[in-house]
Amino acid sequence: MKKTLFSFIILAIVLTIGMTAFTGSAVAEEKAKSLFSIYLGDKTTENFLKAFEHYEAERADTVNHRATVILSYLHMKEMERNLALLEENLDDLNNKNLFSTANLLLSLEKFDRAIAIYKVLNEKSPKWSCPWRHRGEAHWKNKEYDDAVMSLEMAIETRETHYDAYTQLSEVLFDMKEYEKSLATLEKGFTYYGKDIEDPDEEVDNVAIHFLYYDLLKRAGRDEDAAKILIVLQKIAAGDERLKEIE
């Protein structure tokens, strides 16, 4: 009798622990869901931090892909909130902050929104070359080629040594099938390599530009010059799939 009673007591304890663990897990999961939902319903810094700290704690000692996914969405939504805040207060931003905001929008492929801010900068600081260059990139990626050409030419007009403005203008002209102008622009740009205030290797994909140069030289019938560029490409782009198409 005592043995049977003891067994029942043990079973009751196990069931109680199990139910407590299940309930605790369910509560924790519901809390996790509600923290994200609360933030989505009221996007404040306080709600963001509460949710952020909770999901970071969830994956502190273990791999938790669910928490990582939610954190990714959380950061994306918070970034969108802050970008909207910046765009609503453009008049209060100095030129540096305007430029950084536009560049962030450009990197996110929000081209129209980026262009709108670059235009503000062009009006405020028409002699500042960089916003013209970046505006040109935004127009180019938005397939607004004439506006891209205008903007990049302004970048060059306001800073003649602006190396990456030349290389990008060459790319735009190539897409417009204006190959002779593209080649002339690129070769003029090469004369300013290393002479600009910006590091050319940080601003330009050197491999991509050499592939472009090779293509333009071949189109122009300058096979000997193209062969020299091919040798360079074989050194700096060994293993690149594009080499297989031209070798």
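Student: Which residue forms a salt bridge with Glu-78?

Tutor: In this predicted model, the partner of Glu-78 is Arg-81, and their closest N and O atoms are 2.7 Å apart.

Student: Where do Glu-78 and Arg-81 lie?

Tutor: Both belong to helix H3, which covers residues 65-88. Three residues, or about one turn of the helix, separate Glu-78 from Arg-81.

Student: Is Glu-78 buried or exposed?

Tutor: Glu-78 is buried, because its relative accessible area of 9% is under 20%. Arg-81, in contrast, is partly exposed at 23%.

Student: How many salt bridges does the structure hold?

Tutor: There are 18. One of them joins Arg-219 to Asp-215, at 2.7 Å from N to O. These two residues are four apart in helix H11, about one helical turn.

Student: What about Asp-225, which residue does it form a salt bridge with?

Tutor: Asp-225 pairs with Arg-222, with 3.1 Å between the closest N and O atoms. Asp-225 is partly exposed at 28% relative accessibility, and Arg-222 is partly exposed with a value of 28%. Elsewhere, salt bridges with shared partners link Arg-133, Glu-137, Lys-141 and Asp-164 into one network.

Student: Changing topic, at what angle do H11 and H12 pack?

Tutor: The angle between H11 (residues 206-219) and H12 (residues 223-236) is about 160 degrees, and their axes are 8 Å apart. The two helices are therefore roughly antiparallel, and their crossing is left-handed.

Student: Which residues meet there?

Tutor: Among them are Phe-211, Tyr-214 and Leu-217 in H11, and Ile-229, Leu-233 and Ile-236 in H12. By class, the contact has 11 nonpolar, two polar and three charged residues.

Note on methods. Residues numbered from 1 in each chain as written. Predicted model: local features only at pLDDT ≥ 70, side-chain atom pairs only at ≥ 80, totals over all residues. Heavy atoms only, no water. Axes fitted to C-alpha atoms, helices over the stretch in contact; angles between N-to-C directions. Parallel < 35°, antiparallel > 145°, perpendicular 65-115°, else oblique. Left-handed = near helix turned anticlockwise from the far one by under 90°. Contact = heavy atoms within 4.5 Å. Nonpolar A, V, L, I, M, F, W, Y, C, P; charged D, E, K, R; others polar. Salt bridge = Lys/Arg side-chain N within 4 Å of Asp/Glu carboxyl O. Buried < 20%, exposed > 50% of the residue type's maximum accessible area, 1.4 Å probe, protein only.
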